[in-house]
Amino acid sequence: MNARLPVNILIGAALVAVVMFAALLSAIWTPYPYAGIDVANKFAAPSGAHWLGTDQLGRDLVSQLMAAAGNSMGVAVVAVGIGCSIGTALGLLAAAKGGWIEELIMRLSDLGFAFPALLFAIMLAAAFGPSLSMVVIAIAFINIPTFARVTRAAANQIWRREYVFAARAAGMSTFAISRDHILPNIAAPVIVQATIEFAVAILVEAALSYLGLGAQPPEPSWGRMLAEAQTLMYLAPQLAVWPGLCIVTAVLGFGLLGDGLRDISDPRLARRRPA
Amino acid sequence: MSYFLARRIAGFVLTLWAVSIVVFAVMNVLPGDPALTILGLDSTDEARAALRERLGLDAPVVQRYLAWVGGALRGDLGQSYSFGVAVSGLIAERLPLTVSLAISGMTLTVCLALVMGLTAAARHGRAGDWAIMLFSQLGIAVPVFWLSMLLVLLFAVKLRWLPPGGFPGWSDPVAAARALVLPTVALALVQSAVLARVTRSAALEVMRLDFVRTARASGFAPGHIMWRHVLPNALVPIVTIVGLQFAGLVTGTIVIENVFYLPGLGRLLFQSIANRDLVTVQALVMLFAAIVVTANFLVDIAYVLIDPRLRAGRA
């Protein structure tokens, strides 16, 4: 085992752990209420009382960033969870049934790729109104074809294994084989894909909230904080730095973790890695 | 070859048709009453009825869909509710800016990515390789709107070299070009991060092949080997990602135009959403999705042109 792989995963896991810890902690504790306005203290510099200072309404930046982490992680978990569940089920069905069912599912997946996540979310927000729920639905929907493809490709390989032929000969139903033999053996690529999609979900949520189509005031969001900071760039440029760093930390963490896990799960990549 | 082309063209047309159904369904059928969406909850029944009649919303859904598709094929995308003019006119007015931004962004992306990817491959395992890969990993994680804000902070607010946003129009080409510098750089820095990684790994694959070793042994300069021998043979995955990045470029221009207040199609999309102008939003979403589908189709065709082995295999 060479040194690069653990570094990938370790850095990724450490960054993800920091963001997750902040997100979970924000559910029970933040230094101040994240929406608590204290105009007398607006644009306060970093201090013992306010570790990163305050914004134009005197709201504590650390509290807002922590609460936004909770929102961002929540959106990513629910959206990727839904997309992964439906997509994996469809991929398993495609691989198990084959024929026109497989063809239909794969062609529908192709259709899904015609819509970049952000464009699909913009369309939903235009039709139904902006909200975090729309963001979740859009990200979940866009994830379905990705997971369907990954699952189908992996499942098709497992269906050709001898132990699956044996299970079939023993009279196991297609559903039982998919559940007991296929699913456990395709968990690795699905988990890797989920980790990567987490990063994408965080980026899309931030972008939509920045554009005013995601989190609505007073819901905290890194993207919305950046949108507010943009109007104050001449007055308080520091406000544009922290939310961006949080997004980069989260996305980089999940990206590195996903890359590392993919390297481990694919021995061909392991062989190609430099010594 | 002709069978392959016919299949691809049929798939392309079918996908476009399916996309048009999805866009129309989401914008017209799923939300309930488009007149209510446009006029808002405080509108009167009479106002909604009048708007429904004006927009032809009383007709059956299938008839409305066919009328929309038929109109779109003739270049008639309907009448903008908020601007009071033809949507096709609005698009034609704003298209040059978006296309300029997309072309300049993609050109810079490809140039940066090829230089970075090939340089990293040439310095494989050394400091230069690690630095470029670190930049690439960061570039993937940085949201384009945040990078844009940082560029504005540095080059417009602090150094005052470039304008922070807005577009002066095409009458003054120098001012127009200056207004597009920061948006182009922001777009390209983020997009090139992915492409540089792909270029590097594709180049590394080719560099292991015998003919590269032979070229080295024959005394060709490393630069010559990279650009004349390695790059042409590494083009298939690079072109794939360039095609896939068109989707990123499309959404990138939508975001960038809103960050820099550029009056292109992305900005028009958001103005239309804010004005609840569903006719314009529908036309723009369809246009952006069609661009993505077309890019994917062109990539499929490009494979065959680049790699004759695929042509033989698929014909």
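User: How many residues does the contact take from chain A and from chain B?
Analyst: In this predicted model, 32 residues come from chain A and 39 residues from chain B.

User: Which helices of chain A supply at least two residues each to the side that touches chain B?
Analyst: Helix 3 (99–112), helix 4 (117–128), helix 8 (187–210), helix 9 (222–230) and helix 10 (242–265) of chain A.

User: And where does the largest share come from?
Analyst: From helix 4 of chain A, with nine residues.

User: How do the residues on that side of chain A divide?
Analyst: On the side of chain A that touches chain B, 28 are nonpolar, three are polar and one is charged.

User: Switching to chain B. At what angle do helix 9 and helix 10 pack?
Analyst: Helix 9 (residues 210–217) and helix 10 (residues 222–233) of chain B pack at about 155°, and their axes are 11 Å apart. Angles over 145 degrees count as roughly antiparallel, so helix 9 of chain B is roughly antiparallel to helix 10 of chain B.

User: Is the crossing left-handed or right-handed?
Analyst: Helix 9 and helix 10 of chain B have a right-handed crossing.

User: Which residues make the contact?
Analyst: Helix 9 of chain B brings B:F211, B:V212, B:A215 and B:R216, while helix 10 of chain B brings B:I225, B:H229 and B:V230. By class, that contact has five nonpolar residues, one polar and one charged.

Technical notes: Residues are numbered from 1 along each chain as its sequence is written. Chains are lettered from A and ligands numbered from 1 in the order in which they are written. This is a predicted model: local features need pLDDT of at least 70, side-chain atom pairs count only at pLDDT 80 or more; totals for chains, interfaces and linings use all residues. Axes are lines fitted to C-alpha atoms, for helices over the stretch in contact, and angles run from 0 to 180 degrees between N-to-C directions. Helices (H or I, at least four residues) and strands (E, at least two) are DSSP runs, numbered from the N terminus. Angles under 35 degrees count as roughly parallel, over 145 as roughly antiparallel, 65 to 115 as roughly perpendicular and the rest as oblique. A crossing is left-handed if the near helix is turned anticlockwise from the far one by less than a right angle, and right-handed if clockwise. Two residues are in contact if their C-beta atoms, placed from the backbone, lie within 7 Å. Ala, Val, Leu, Ile, Met, Phe, Trp, Tyr, Cys and Pro count as nonpolar, Asp, Glu, Lys and Arg as charged, and the others, Gly among them, as polar.
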